[in-house]
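Here's a friendly walk through one model.

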Amino acid sequence: MTRVPVKLEDKHTRQGQSRGRLVNAFLCLDVPAPVLAETARNWEPLLNAGLERRGRLGLPALENPHWNWSTKAAWISLASYRSLGIECEGVMQGLMLVVTDGYFARVPPDTGKPIVYVDYVQSSPQNNEDLVDKPRFGAIGSFLMEGAARLSIDMEFGGRLGLHSLNRSEGFYEKLGLVRVEIERHNRHARGLWYYEWTQQGANYFLTKRRGI
Amino acid sequence: MKEKRTMTLNLTEREMVALEELSASKDMTKTAVIRQAIRLYQLLDAKLSKGERLVWEDDKAKTKSELVVL
């Protein structure tokens, strides 16, 4: 498993308006199947507690709260599936599963060229504001997206990637600069969801900005 | 990102033309095209082995065809 050092903000150490302490973490490429399964097991109690809390507070149900990472782990024996993770304090704080083949850009000028497709992405329940009062680590999703864009460059796809967004995540992807393309009609697993794409220009602009941090 | 190994590949003229056309239209090196072709072949084989189907649909012509592996 390749590990690239990154820094996460520990939001629990925030004081007033100031940023919390930055802690060492790793962007992990090719998270092994046993780690995916172990992470899913570790997340389960927190996830269930968070969902129970939402129910108690009368908050609306979340879309797809239970993504079965153990089942997904079976796919990563295939070369087209890659798993990414953010590790901090010895455990995974977020996971992403991407497919590197069989998906093509819908946005000009690169229509028809290959893209990396983000199949699943999830933060640990302790970092999810929908599940806990005070999420611990921030920027998990954007580091995972950075990893996917770098993988796309490594595959010679220029950083291009596509995904179908859950309704609650649309704002996040738009903030990162993904293009809102169309409501999915063909892919039955994502029918009715908005399809977003990171163009080569969009992904590279994001990566350039990150290097400046 | 991942460690890579090297091999020599011999292609026929037609295969090389196809590879060069794909390389140009997809804006990828020939190596990247070959790597993707291998991954796609493995994915296709795994899905078909599990009993899944591969179907092409043409919305305009209203036609549907299925890849059948004998």
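Predicted model: local features only at pLDDT ≥ 70, side-chain atom pairs only at ≥ 80, totals over all residues.

## A quick definition first

For the model, ipTM comes out at 0.86 and pTM at 0.91. Chain B has a mean pLDDT of 90, with 93% of its residues at 70 or more. Among the elements of chain B, helix α1 (residues 13-26) has the highest mean pLDDT, 98, while strand β2 (residues 63-67) has the lowest, 79.

## Where the chains touch

On one side, 14 residues of chain A take part, and they are in contact with twelve residues of chain B.

## Inside chain A

The largest nonpolar core has 49 residues, and those touching the most other members include Val116(A), Ala148(A) and Leu161(A). Helix α3 (residues 140-154) of chain A is the top contributor, giving seven residues to this core. In general, nonpolar side chains tend to be buried together in soluble globular proteins.

Now zoom in on Leu161(A). Beyond its neighbours within four places in sequence, Leu161(A) is in contact with Val116(A), Ala148(A) and Trp198(A), among others.

## A strand with two partners

Strand β6 (residues 161-165) of chain A has four of its five residues buried. β6(A) pairs with strand β5 (residues 116-123) of chain A in the parallel sense, over three bridges. Look for Val118(A) there: its bridge partner in β6(A) is Leu163(A). To get from β5(A) to β6(A), the chain passes through α3(A), making a right-handed β-α-β crossover.

β6(A) also pairs with strand β8 (residues 194-198) of chain A, this time antiparallel and over five bridges. Here Gly162(A) sits opposite Glu197(A) in β8(A).

Most residues other than glycine have a negative phi, and most peptide bonds are trans. Glu89(A), though not a glycine, has a positive phi of about 55°. You'll find Glu89(A) in the loop between β3 (81-88) and β4 of chain A. Is Glu89(A) buried or exposed? Glu89(A) is exposed, because 12 other C-beta atoms lie within 10 Å.

Glu156(A) also has a positive phi, near 70°, and lies in the loop between α3 and β6 of chain A. With 18 other C-beta atoms within 10 Å, Glu156(A) is partly exposed.

Finally, the peptide bond from Pro108(A) to Pro109(A) is cis, with omega near 5°. Pro109(A) belongs to the loop between β4 (91-99) and β5 of chain A.

Technical notes:
Residues numbered from 1 in each chain as written. Chains lettered and ligands numbered in written order. Contact = placed C-beta atoms within 7 Å. Core = buried A, V, L, I, M, F, W, Y, C linked by C-beta atoms within 7 Å. Buried ≥ 20, exposed ≤ 12 C-beta atoms within 10 Å, placed from the backbone. Helix = DSSP H or I, 4+ residues; strand = E, 2+ residues; numbered from the N terminus. pLDDT = per-residue confidence, 0-100. Pairing = 2+ DSSP bridges. Right-handed = clockwise from strand over helix to strand, strands pointing away.
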